[in-house]
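User: I have a model open and would like to go through it with you. Could you take me around, one topic at a time?

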Amino acid sequence: MFVAAVPPEEAVAHLDEFLAVRRDAASYRWTVPEQWHLTLAFAEDVPDRSLDDLEARLERAARKRRPVRLRLAGGGAFPHPDRARVLFARLDADEGGRTELDRLATGCRTALAKAGARVDGQRFRAHLTLARLGQPDNVTSWVRLLDGYEGPEWELDEVALVASYLGEGPRRRPRHEVVGTYALG
C-alpha cells in the first residue's frame, strides 16, 4: 500500500502529450499515465486488522496540512542521471508548499507506522516516476528534455490510500485500487 498525491486529469494529460511523441526513442518500461502519482509514504505490507486504524490516522494527518499549489516541472533520475534506474518528473512548489508537502509525507509515514505497517525508510523526494530502466543507463538527455517541461499548476487538496497488486494489471503491471481519500485542511 502507499499514500499518494494524484495529479488531476489536466496535469496528467499535459505531461502525457509532451511525452507521447518521445517515448518510442527509448525502450524503457514507461509507467502508464492512469497510475501516475506522487508517493508520500509506502509500506510493503499493511495488516488487514490495521486498516481502520490507518484510515483514521491518515484522516487526522491530512487535516493537519493545508492544500498546496503544485506543478510538474523539470526532470531527474535515481540514483543519478548517468547511471539511472528511474526517470522522473519533478514536482514544483514555492518554499512554503515544499515544506507543507514534506510535512504531509512525514504525517503519512507516521500514520502507517503507528498503524503497525513497516514503512519504507527512504528519504522523501517529491517526484512522479515516468519510466524504469532494466539496466542502469545514462538518461542525461532525457533529464535535460524534461528540464524544459512545465505543466499546469493545480491545488493538491487530498491524498489517497492505494492498494497495489503487483502483476495483476494489464501487461503484468501493478493494479492499483484506491482504498480511501483524505482531505487536506
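**A walk through the model**

Analyst: Leaving aside neighbours within four places in sequence, L184 is in contact (heavy atoms within 4.5 Å) with A62, R65, R66, P67, L104, L156, D157, E158 and V159. This is a predicted model, in which local features need pLDDT of at least 70 and side-chain atom pairs count only at pLDDT 80 or more, while totals for chains, interfaces and linings use all residues. Residues are numbered from 1 along each chain as its sequence is written, and side-chain values use heavy atoms, with hydrogens and water left out.

User: Is L184 buried or exposed?

Analyst: L184 is buried, with a relative accessible area of 8%; buried means under 20% relative accessible area, exposed over 50%, and partly exposed in between, with a 1.4 Å probe and protein chains only.

User: OK, sheets next. What is the strand order in the open sheet of 4 strands?

Analyst: The order is β3-β1-β8-β9, with antiparallel pairing, where two strands pair if DSSP finds at least two bridges between them. β3 (38-42) and β9 (175-183) stand at the edges with a single partner strand each, so one side of each is left without a neighbour in the sheet. From one strand to the next, the twist averages 30 degrees.

User: How many bridges join β1 to β3?

Analyst: Strand β1 (residues 2-5) is joined to β3 by 4 bridges, and F2 stands opposite F42 in β3.

User: Which helices lie across those strands?

Analyst: Helix α2 (residues 51-63) lies across β1, β8 (158-165) and β9, running at about 50 degrees to β9, whereas helix α3 (residues 95-114) lies across β1, β3 and β8, at about 35 degrees to β3. Axes here are lines fitted to C-alpha atoms, for helices over the stretch in contact, and angles run from 0 to 180 degrees between N-to-C directions.

User: What about β4 and β5, how do they connect?

Analyst: A hairpin joins β4 to β5 through 5 residues, and 6 bridges hold the antiparallel pair together, with L72 opposite L91 in β5. β5 also pairs with β6 in the antiparallel sense over 6 bridges, and there R90 stands opposite H127 in β6.

User: Switching to α4, which residues are buried there?

Analyst: In helix α4 (residues 140-147), W142, V143 and L146 are buried. They cover an arc of only 100 degrees around the axis, which puts them on the same side of α4; the arc is that of the directions from the helix axis to the C-beta atoms. The buried residues of α4 pack against α1, β2 (29-30), β4 (68-78), β5 (84-92) and β6 (127-137), while the face turned away from the buried side carries the exposed residues S141 and R144.

User: Last one: which element has the lowest mean pLDDT?

Analyst: Among the elements of the chain, β9 has the lowest mean pLDDT (92) and helix α1 (residues 9-20) the highest (98), where pLDDT is the predictor's confidence in each residue, from 0 to 100. The chain averages a pLDDT of 94, and 98% of the residues score at least 70.

Conventions. Helix = DSSP H or I, 4+ residues; strand = E, 2+ residues; numbered from the N terminus.
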